[in-house]
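This briefing goes through one structure, topic by topic. Please have the viewer open while reading.

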Amino acid sequence: DRGDIIACVKALVELRDGQPEFRIEPDAAWDWLGSDAATRVARDARAGLVYFGTLSQRSAGARAAIQGALEASAAVRFLDLNLRSMPEQRAIAEASLQLAEILKVNEGELEALFEWFAPGEDAAANEAVFALMHRFGLRRLVLTRGERGWTCYESDRRCVHDGRSPT
């Protein structure tokens with residue numbers, strides 16, 4: 001652990017083809033999470049849901065802290081997959097998916113998951129989504145689709161929402 005305090009995360013955002021592209025500066029606050037403290041907080045908090053992402057796992061120490069905390073918690077685990085061209089992103093994504101119960105991805109992230117874990121599958125087909133969910137034991141997958149809204153898939157092979165959010 002570092003002796004000094006790291007107080008912020010610096011993100012640079014650019015729009016590419018109407019989609020935000022983030023570049024997160026290294027040596028940010030979450031890069032220095034302590035395993036013992038994270039595990040203790042996760043265990044003692046008795047939360048109903050734990051929200052975690054892949055960006056915060058780009059350093060080995062933070063990755064071990066987050067994964068240990070998730071294993072210590074009985075909470076539902078909600079993974080916000082963020083693929084941002086980081087080293088080891090496939091391995092980090094796979095380990096995170098194995099710990100998750102609910103997954104939120106955008107269309108590009110879902111395509112990457114199919115390339116890695118279900119090559120040859122049609123990413124637009126619901127059956128491919130359900131196969132991916134089964135592989136990782138996911139209860140729910142939420143797919144964000146930009147202006148076209150979002151789709152929510154359930155592990156019982158239902159699609160419970162497809163389109164824009166009701167206003």
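The model is predicted. An open sheet of six strands, in the order 3-4-5-6-7-8, has mixed pairing. The largest nonpolar core has 29 residues.

**Sheet**
- The edges of the sheet are strand 3 (49-53) and strand 8 (159-163), each of which pairs on one side only.
- On average, neighbouring strands in this sheet are turned by 15° against each other, direction ignored.
- Strand 6 and strand 7 (residues 150-154) run antiparallel and are joined by five bridges.
- Val142 has Cys152 in strand 7 as its bridge partner.

**Helices and the sheet**
- Helix 4 lies across strand 5 and strand 6, and its direction is at about 110° to strand 5.
- Helix 5 also packs on the sheet, where it touches strand 6, strand 7 and strand 8. The angle between the directions of helix 5 and strand 7 is about 55°.
- The buried residues of helix 4 are Glu109, Leu110, Ala112, Leu113, Phe114, Trp116 and Phe117.
- These buried residues pack against helix 3, strand 5, helix 5 and strand 6.
- At the start of helix 4, a side-chain oxygen of Asn106 comes to within 3.1 Å of the backbone nitrogen of Gly108.

- In soluble globular proteins, nonpolar side chains tend to be buried together.
- Within the largest core, the residues that touch the most other members are Leu81, Leu97, Leu103, Val105, Leu113 and Leu141.
- Two or more residues each come from helix 2 (60-72), helix 3 (89-99), strand 5 (102-106), helix 4 (107-117), helix 5 (126-136) and strand 6 (140-144).
- Leaving aside residues up to four places away in sequence, Leu103 touches Leu79, Leu81, Leu97, Leu113, Leu138, Arg140, Leu141 and Val142.

**Positive phi outside glycine**
- Arg46, which is not a glycine, has a positive phi of about 50°. Arg46 sits in the loop between helix 1 (35-45) and strand 3.
- Arg46 counts as exposed because its relative accessibility is 74%, and the cut-off for exposed is over 50%.
- Arg157 is not a glycine either, and has a positive phi of about 70°. The loop between strand 7 and strand 8 holds Arg157.
- Arg157 has 47% relative accessibility and therefore counts as partly exposed, a class that lies between under 20% and over 50%.

How values were computed
Residues are numbered from 1 along each chain as its sequence is written. This is a predicted model: local features need pLDDT of at least 70, side-chain atom pairs count only at pLDDT 80 or more; totals for chains, interfaces and linings use all residues. Side-chain values use heavy atoms; hydrogens and water are left out. A nonpolar core is a set of buried Ala, Val, Leu, Ile, Met, Phe, Trp, Tyr and Cys residues joined through side-chain atoms within 4.5 Å. Buried means under 20% relative accessible area, exposed over 50%, partly exposed in between (1.4 Å probe, protein chains only). Helices (H or I, at least four residues) and strands (E, at least two) are DSSP runs, numbered from the N terminus. Contact means heavy atoms within 4.5 Å. Two strands pair if DSSP finds at least two bridges between them. Axes are lines fitted to C-alpha atoms, for helices over the stretch in contact, and angles run from 0 to 180 degrees between N-to-C directions. A polar contact is a pair of N or O atoms within 3.5 Å; within protein, one must be able to donate a hydrogen and the other to accept it, and residues adjacent in sequence count only if both atoms are side-chain atoms.
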